[in-house]
Amino acid sequence: MATHLPLVMQNLFNRPIAISERNAQMIVAALAGRLDIASLTSDTVTFDRSALNDMAARGRAEAREERMLRAERMQTGPDGPMIVPPSEWSWESQYRGKPYAVSASGIAIIDVLGTLTRTWGCDPYSGSTGYDGIWTKLAYAMDDPVVKGIWLRINSGGGAVDGLYDLVDALWRCSLRNGGKPIWAFAGDYAYSAAYALGMACDRFMTSALGGVGSIGTLAIFIDYTAMLDVEGIKATIFRAPDRKAIGLGGLEPLDDPEMEKIQAQIEEATDYFQERAALYRGVSKSAISETRGNDYTARQAKAIGLIDDILREQDAWSEFERLIAQ
């Protein structure tokens with residue numbers, strides 16, 4: 001984690017990100033000890049150091065439970081076997097050496113898990129997935145004669161805006177409706193913000209009865225270290241030219257009003273673009289998307305609005321996709 005900490009900070013702080021508020025809070029809580037963050041403040045709540053520690057501990061516990069639950073789900077469900085893990089498939093030689101798992105019917109599985117970043121390598125790693133890896137797998141699958149369809153397996157609270165919409169547009173162009181291969185997305189537990197953006201561009205987007213989607217919007221997190229520096233007796237002197245260069249540099253000085261207005265304008269511009277794409281790809285009005293106000297929704301609420309196509313158990317959605325590929 002220490003090796004990747006500068007990259008995480010670069011992608012998370014002081015720039016627009018498409019991530020749900022809860023996931024942003026959890027990430028800050030997890031990093032609070034390493035970055036000496038004393039508090040976290042949003043429009044609705046303020047967390048002190050103790051609350052951040054409690055949140056981080058709760059997040060670690062939830063992650064352990066989620067891993068155990070996912071392992072159980074991959075083995076069996078209430079109505080029989082579910083999707084068999086790739087490690088247990090009977091692979092043929094033609095499926096080896098690919099950057100994704102491929103079912104016997106020709107469905108390539110691309111995982112979209114954890115926090116999303118522009119560059120993170122080909123496979124999900126250490127709680128993050130890179131757009132570069134998803135793009136690589138998508139391009140490979142489109143040219144792979146063995147692949148008849150693509151299954152996006154999503155469980156993510158979102159991530160970086162940087163690189164997101166290039167990938168979203170690529171998914172849209174490669175989908176069956178635009179002359180490509182059928183691309184289906186399934187939110188196993190949730191697909192918020194940037195993760196939702198990936199799902200919305202697919203031919204079909206589904207989640208389970210207790211799944212969650214939405215959080216169509218962007219936010220930015222600024223860390224102000226000035227109070228901590230005063231306590232420690234550390235004074236930072238910043239020289240700049242011209243006079244607006246890097247205001248608020250690294251949290252060593254507070255943001256002034258013009259800089260806050262600039263960041264807010266960036267957030268609103270990114271959100272407007274997100275809403276336009278959501279309206280286009282989901283076939284609903286932009287006003288309907290705007291009225292979601294960045295909220296996340298349960299499966300039933302999301303379907304009523306038009307954010308998803310259907311509510312299905314994962315094994316049923318997979319079986320339906322298998323039938324489509326068989327045709």
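**Reading aromatic pairs, cores and helix packing**

Mentor: Let us start with the chain as a whole. Among contacts in the protein chain between residues at least 6 apart in sequence, 65% join residues at least 24 apart. Please keep in mind that this is a predicted model. Its secondary structure comes to eleven helices and twelve strands, and 48% of the 327 residues count as buried.

Trainee: How many aromatic pairs are there, and how is such a pair described?

Mentor: A pair of aromatic rings is described by the distance of the centres and the angle of the planes. The count here comes to ten aromatic pairs. In one of them, the ring centres of Tyr 100 and Tyr 140 are 5.7 Å apart and the planes stand at 80 degrees, so this pair is edge-to-face; the cut-off for that label is an angle over 60 degrees.

Trainee: Which parts of the chain does the pair of Tyr 100 and Tyr 140 tie together?

Mentor: Tyr 100 belongs to the loop between α3 (49–75) and β4 (101–102), whereas Tyr 140 belongs to helix α4 (residues 131–143), so the parts tied together are 40 residues apart in sequence. Tyr 100 is buried, at 5% relative accessible area, while Tyr 140 is partly exposed, at 37%.

A further edge-to-face pair is formed by Tyr 165 and Tyr 273, with 5.1 Å from centre to centre and 70 degrees between the planes. Tyr 165 is in helix α5 (residues 164–174) and Tyr 273 in helix α8 (residues 257–282), so that the pair links parts of the chain 108 residues apart. Tyr 165 has a relative accessible area of 9% and is buried; Tyr 273, with 32%, is partly exposed.

Trainee: How do α5 and α8 lie relative to each other, parallel or antiparallel?

Mentor: Their axes come within 12 Å and cross at roughly 10 degrees. This angle makes α5 roughly parallel to α8. On the α5 side, the residues in contact are Tyr 165, Val 168, Asp 169 and Trp 172. They meet Ala 270, Tyr 273, Phe 274, Arg 277, Leu 280 and Tyr 281 of α8.

Trainee: Is α5 to be read as mostly covered or mostly open, and what does it give to the core?

Mentor: In soluble globular proteins, nonpolar side chains tend to be buried together. In this model α5 is mostly covered, with nine of its eleven residues buried; among them are Leu 164, Leu 167 and Cys 174. The largest nonpolar core has 49 residues, of which Leu 152, Val 168, Leu 198, Phe 205 and Val 213 touch the most other members. Elements giving two or more residues to this core include β5 (107–117), β7 (149–160) and β8 (183–192). The largest share, eight residues, comes from α5. There is also a second, separate core of eleven residues, including Ile 107, Trp 151, Trp 318 and Ile 325.

Technical notes. Residues numbered from 1 in each chain as written. Heavy atoms only, no water. Phe/Tyr/Trp six-rings, centres within 6.5 Å; stacked < 30°, edge-to-face > 60°. Helix = DSSP H or I, 4+ residues; strand = E, 2+ residues; numbered from the N terminus. Buried < 20%, exposed > 50% of the residue type's maximum accessible area, 1.4 Å probe, protein only. Core = buried A, V, L, I, M, F, W, Y, C linked by side-chain atoms within 4.5 Å. Axes fitted to C-alpha atoms, helices over the stretch in contact; angles between N-to-C directions. Parallel < 35°, antiparallel > 145°, perpendicular 65-115°, else oblique. Contact = heavy atoms within 4.5 Å.
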